[in-house]
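Me: I have a chain to look at and would like to go through it step by step. Could you help me read it?

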Amino acid sequence: MSHTEPPGADTSVPISRVVLVASTAALGGFLFGFDTAVINGAVSAIGEQFGIGSILLGFSVASALIGCAIGAWFAGRIADRHGRIRVMVLAALLFVISALGCGFAFGIWDFAFFRIVGGLGVGAASVIAPAYIAEVSPSEYRGRLGSLQQLAIVSGIFVALLTDAWIVAAAGSASAPWFFGLEAWRWMFLSELVPAFIYGLLALTIPESPRYLIARGQLDKAKAVLRRYVGGDVEKTTAEILTTVEGRSERPSLAILRGNSFGLLPIVWIGIGLSVLQQFTGINVIFYYSSTLWQAVGFTEQDSLTITVITSVTNIVTTVVAIMLVDRTGRRPLLVIGAVGQFICLAALTVIFATAPIVNGEPLLADAAGTTALIAANAYVVFFGVSWGPVVWVLLGEMFSNKIRALALSVAAAAQWAANFVISTTFPALADVGLGLAYGVYTFFAFVAIFFVIKFVRETKGRTLESMIDTDSARKSPRRKEPLAK
C-alpha cells in the first residue's frame, strides 16, 4: 500500500473468513444453475403429462428466461434501496415458491407461471452474488472470490443433472409414480427446496455490504464489516467509499446510468457488451442442445446424455483453473485467450458441419470428422470455462463504481438473459437450415469478442472498487493511467 497504516491497524484478514461469506452469497449461483438445468430430465414427461405440443412445451421451458431478465432488471434497484442481504432472502423465497409450484402444477400454464417465478429468483441471484462478493472482498482476492459465482453455477447444473438421473433410476422413468404417488418429474423440482432453504437461512447469517451501509449512513457498522472482511486502512477506505457514493439517491433510478454514449455511460455499454458476447458465442447451445451434436456424431441418445454430464464436469474443472489464474494472470488476458480459443473451436465445428453430407436430414460425419467435432466442442467448453464463464461475472461485479454498481449490473445481467433467450430460441431454426450456419454465427461473435476485449475492456486486477470510473469525462481524461474504457 502507498499510504501509512495507523498503529495497530488490521491490514489483512484470514482468507478463510472471506471465503465463507463469499461462498454463502455464491449459493445463489448454485440455485441459478440448479433451477435452469433441473428441467432437462423432466421435459418429455411434462409434455406427456399435460398432453401438449412442442411449441407450448418449448415456451414453458424458455419462460424461465423471461423471469430471469425481469428479475435481473429489478434486483439492482431493490438491492440499493433495501440491501443486498434482503435480495438474497427474496431470491431464496422465489426459489421455494417455484419449486413447490412446479412440483404440484395442475397444468402447463400454471407450470410456466411458476417457472417464471423461479426465473425471477435466478435473475436476482445473478445480480446480487457478484455485486456482494466484490464489495466484501479484499482486492488481492477479489477475482478468485468472484469466480466462486461461476463455480457455483456449474456445480448447480451438475448436481441438478445428477439429481434428475438418480430420481429417474429410482422411479424407473420420469413419468412413473414415486413417493406419495407423485410422478418422478415432480420430485425433480421439489428437490430444489433443500438448497433454497439452505441459501435463505445462510443469507441471514452474513453481514450487509459495507458499500450499502455507508451509502445509508451506517458508518460504524460498515467499518466493522470492512475491518473483519476487507482489512487494510479502514478509515481511508471508508472515506473513499463516502466520496464515491456522494449524491446517491435514496430511491435509486436508472437515470444515474445516463451518459453521452447513446444514452448510457460507456462503462455500462461495456458491461452489456461483455454479457451479450458471453451468450452469443453459443455456450448454452452446447448445454441445451448438446444431444443434437453428439447424435450427429453417431452416439446413442443415452450416450449423449452421459457426455452432457461429462461436459458439465469439465466446466467445473476449468472454472477451478480460472479461480487459480484470474488474480495472477488478470481478467483481460484470460478473456482474450478464451475468445481466441472459442473462435478456433467454433470455426472448426462450422467447417465440419457445413461440409458434412446430409443423410435423412442429419449431417453424417465420417470417423475423422466426428472425432474432430467431439474434440472441438469439448475444447470450446474448456476455453469458455477458464475465461468468459467466470471472468465476465468477476468483471461485472467490480468494473462499475460504487454509485452505479447494483443498477449497472442489473442492466448488464438483464441483457445477458435476453441474449440467452435469443440464442436458445433461434438455434432450432438455424439448425434446420444447417448446423454449419448455426455455428458460423457463433464463430462470428467469438471473432467480435476478441477485438471487443482488446479495444474496450481494461484490467481491474488489484484495483480498489473506489478507483473504478463511470463518467464520460473520466473516460476521456488523459491524466488517468488506467481508464476502464477507451
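This is a predicted model: local features need pLDDT of at least 70, side-chain atom pairs count only at pLDDT 80 or more; totals for chains, interfaces and linings use all residues.

Me: Is W73 buried, partly exposed or exposed?
Reply: Residues are numbered from 1 along each chain as its sequence is written, and side-chain values use heavy atoms, with hydrogens and water left out. Buried means under 20% relative accessible area, exposed over 50%, and partly exposed in between (1.4 Å probe, protein chains only). Because its relative accessibility is 34%, W73 counts as partly exposed.

Me: Where is W73 found?
Reply: Helices here are DSSP runs (H or I, at least four residues), and strands are too (E, at least two), numbered from the N terminus. W73 is found in helix α3.

Me: And is T24 buried or exposed?
Reply: T24 has its place in helix α1, residues 15-37. Since its relative accessibility is 8%, T24 counts as buried.

Me: Which residues does T24 touch, not counting residues up to four places away in sequence?
Reply: Contact means heavy atoms within 4.5 Å. With residues up to four places away in sequence not counted, T24 touches Y199, L202, A203 and I206.

Me: What percentage of the residues of the chain count as buried?
Reply: The secondary structure of the chain comes to 22 helices and two strands. The chain has 486 residues, and the share that counts as buried is 57%.
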